[in-house]
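Hello,

Here is the structure we spoke about. My notes on how its parts pack follow below.

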Amino acid sequence: MTVYPNVTKPCGRHVPNANSINLKSARVTDPKPILCASPRKKLPKIESVKDGSPLVREARESTSLDSMRASSPARVRPAIAATRAASLVDEQNSWIRRHPSALSMFEQIAQASLGKKIVMFLDYDGTLSPIVEDPDQAFMSTEMREAVKDTARLFPTAIVSGRCRDKVYSFVDLKELYYAGSHGMDIKGPHPSSCSNGNKNGESVLCQPASEFLPMIDQVYKTLVEKTKSIPGAKVETNKFCLSVHYRCVDEKSWVDLAEQVKLVLSCYPKLKLTYGRKVLEIRPTIEWDKGKALEFLLEALGFANSDDHVLPIYIGDDRTDEDAFKVLRERGQGFGILVSKDPKETSASYSLQEPSEVMSFLRRLVEWQRLSRRASL
């Protein structure tokens, strides 16, 4: 059982408050670059990171650009796609066999939930809303909002996002949900009077394990805004406990320059780490906390920590950061991870859905199944 500090559960019991996590055990990454060279090849000259000089092109392309491309695959041109059609179909079919559609396998999922309490976890961007060029315009449809609202009426439901919690709330605008922003580093639950799914006891959940990083995050945000303003299309977004540097609108020729600017800034902040997402560079504190930890915290706060046989968590997400939650479910041998993707990816999820419209269909079907089950039991 994971232990957390002084956080009040909805049922009135206390869970330890994550604000007092021991940060001395956090992993700190050495910011100095390490290059290995063949004995026959002269080591290329590397300018000092601290003086702001860029790293050599060869080193940059083998690290930053490869990582950015891997996490943000480009659309294949029609002519190229035609020549690869047969192999792509085989790859897709093989992947679907290992991660079948949650819609086609719905009956299996429903059977697994009999006699158990479903707890729903949902990512936002790419899951409830489509990926758009301007992150400030990532609005969910009215139909999706209704599907999420109906889901929350029947099951405890949480939005787990890399976005700022307040920003996600402004997009979703549903009081009865739990919101975990900043990759789970800022969690708040609904007031008990807002819940309609049976969780009406106790007080609102609150968890902010990275509070002491706020001044540092704010300082890095201001520096990155200044350092990246010369790169057209780059956008720095503050998510309170973490930062996002979006490059969806940046020419690919400038991706490396953007990544190196970010790394230069972070070289002065070894307690912050850089990870890659879909057309975004994520900057987070180096504490042991992620979406998987947020899932575990919420299950415990809801009173399901020791209810392995009576709870079925379902987590739906589309990005690399959601893999932390998928891995937790797989390691627990409990619940299902559902990856939202049209393309085959390495994942710990059990099932897949192709796009937000299929997520909406899955939620509607789950709600209808639950309602019919309740009527049948009367």
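**Sheet and helix packing**

Helix 7 (residues 214-228) lies across strand 8, strand 9 (243-246), strand 10 and strand 11, at about 165° to strand 8. Helices (H or I, at least four residues) and strands (E, at least two) are DSSP runs numbered from the N terminus. Axes are lines fitted to C-alpha atoms, for helices over the stretch in contact, and angles run from 0 to 180 degrees between N-to-C directions. Helix 8 (residues 255-266) also packs on the sheet: it touches strand 9, strand 10 and strand 11 (contact means heavy atoms within 4.5 Å), and its direction makes about 160° with that of strand 10.

This is a predicted model, in which local features need pLDDT of at least 70 and side-chain atom pairs count only at pLDDT 80 or more, while totals for chains, interfaces and linings use all residues. Residues are numbered from 1 along each chain as its sequence is written, and side-chain values use heavy atoms, without hydrogens and water.

The sheet is open, with four antiparallel strands in the order 8-9-11-10; two strands pair if DSSP finds at least two bridges between them. Strand 8 (235-238) and strand 10 (272-277) are at the edges with a single partner strand each, so one side of each has no neighbour in the sheet. Strand 10 is joined to strand 11 (residues 280-285) by six bridges, and G277 stands opposite V280 in strand 11.

Elsewhere, helix 5 (residues 142-154) packs against helix 11 (residues 356-377) at about 35°, with the axes 9 Å apart.

Regards
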